[in-house]
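The sequence and structure come first, and the notes follow.

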Amino acid sequence: MDAKPEIALLGEPVLRRIAEPIDDVTHPDVQQLAQTMLFTLEGSNGVGLAAPQIFESKRIIVVASKPTKRYPYAPEMPATVMINPEFIPMSDVTVKDYEGCLSIPSIRALVPRYYSIRVSYTDLTGQRLGVEFEGFIARVFQHEYDHLNGLVYLDRVDNNQDIISEQMFLKLIAI
Ligand SMILES: [Zn+2]
């Protein structure tokens, strides 16, 4: 693959649609879409991607946590493709932290998310898996999952004053 696909930016209707479930995980189109998503995330500063962000209204996300300039304390997690993901919170505890989104450049905001969640998803071989996430990875998962339901993180911000510029965010974390 040469060129990375275009990223849908906030305002694109595809970001506000409910994405379609995947019936046949082994279908070449699905496998190809997953590879394109992995390729798109690779080398970007992102830690996750949802298919609607590349104009595919399908229930596929990739979560790939690694420490970056933006998230210096992020744990290492190899890029994982999750098809038809679901989750339930393991408690009512929520935590606020900064999020950003490839579809919403130059902005960051404090977003409340469940601290620990139980996730299920289908992998690229068609196996249904269950796993528990907490902290940063639980946050990334919930962010990407929202994209499948037509939501972006700004919809979950408590207060508009929790929204800041990327430049201010980089100043804050440099302290
Ligand atoms: Zn996003």
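Helices (H or I, at least four residues) and strands (E, at least two) are DSSP runs, numbered from the N terminus. The model is predicted: local features need pLDDT of at least 70, side-chain atom pairs count only at pLDDT 80 or more, and totals for chains, interfaces and linings use all residues. Residues are numbered from 1 along each chain as its sequence is written.

**Overall fold**

- The chain has three helices and eight strands, arranged from the N terminus as α-β-β-β-β-β-β-β-α-β-α.
- Its radius of gyration (taken over C-alpha atoms) is 15 Å, close to the 16 Å that the globule rule (2.2 Å times the number of residues to the power 0.38) gives for 175 residues, so the chain is as compact as a globular protein of that length.
- The C-alpha trace spans about 45 × 40 × 30 Å along its principal axes.
- Of the 175 residues, 33% are buried, where buried means that 20 or more other C-beta atoms, placed from the backbone, lie within 10 Å of the residue's own.
- Contacts are counted when two C-beta atoms, placed from the backbone, lie within 7 Å.
- Among contacts between residues at least 6 apart in sequence, 64% join residues at least 24 apart.

**The three-stranded sheet**

- Strands of a sheet pair through backbone hydrogen bonds, either parallel or antiparallel.
- An open sheet has the order β4-β5-β8 with antiparallel pairing; two strands pair if DSSP finds at least two bridges between them.
- Its edge strands, β4 (94-101) and β8, each pair on one side only.
- Neighbouring strands of this sheet are turned by 25° against each other on average, direction ignored.
- Seven bridges join the antiparallel strands β4 and β5 (residues 104-114), and K96 stands opposite P112 in β5.

**Helices on the sheet**

- Axes are lines fitted to C-alpha atoms, for helices over the stretch in contact, and angles run from 0 to 180 degrees between N-to-C directions.
- Helix α2 packs on the sheet and touches β4 and β5, with its direction at about 110° to that of β5.
- Helix α3 (residues 166-174) lies across β4, β5 and β8, and runs at about 90° to β8.

**R156**

- R156 sits in the loop between α2 (135-148) and β8 (163-165).
- R156 is partly exposed because 18 other C-beta atoms lie within 10 Å, a count between the limits for buried and exposed (12 or fewer).
- Leaving aside residues up to four places away in sequence, R156 touches V111 and P112.
- R156 and L110 are 46 residues apart in sequence, and their C-alpha atoms are 9.0 Å apart.
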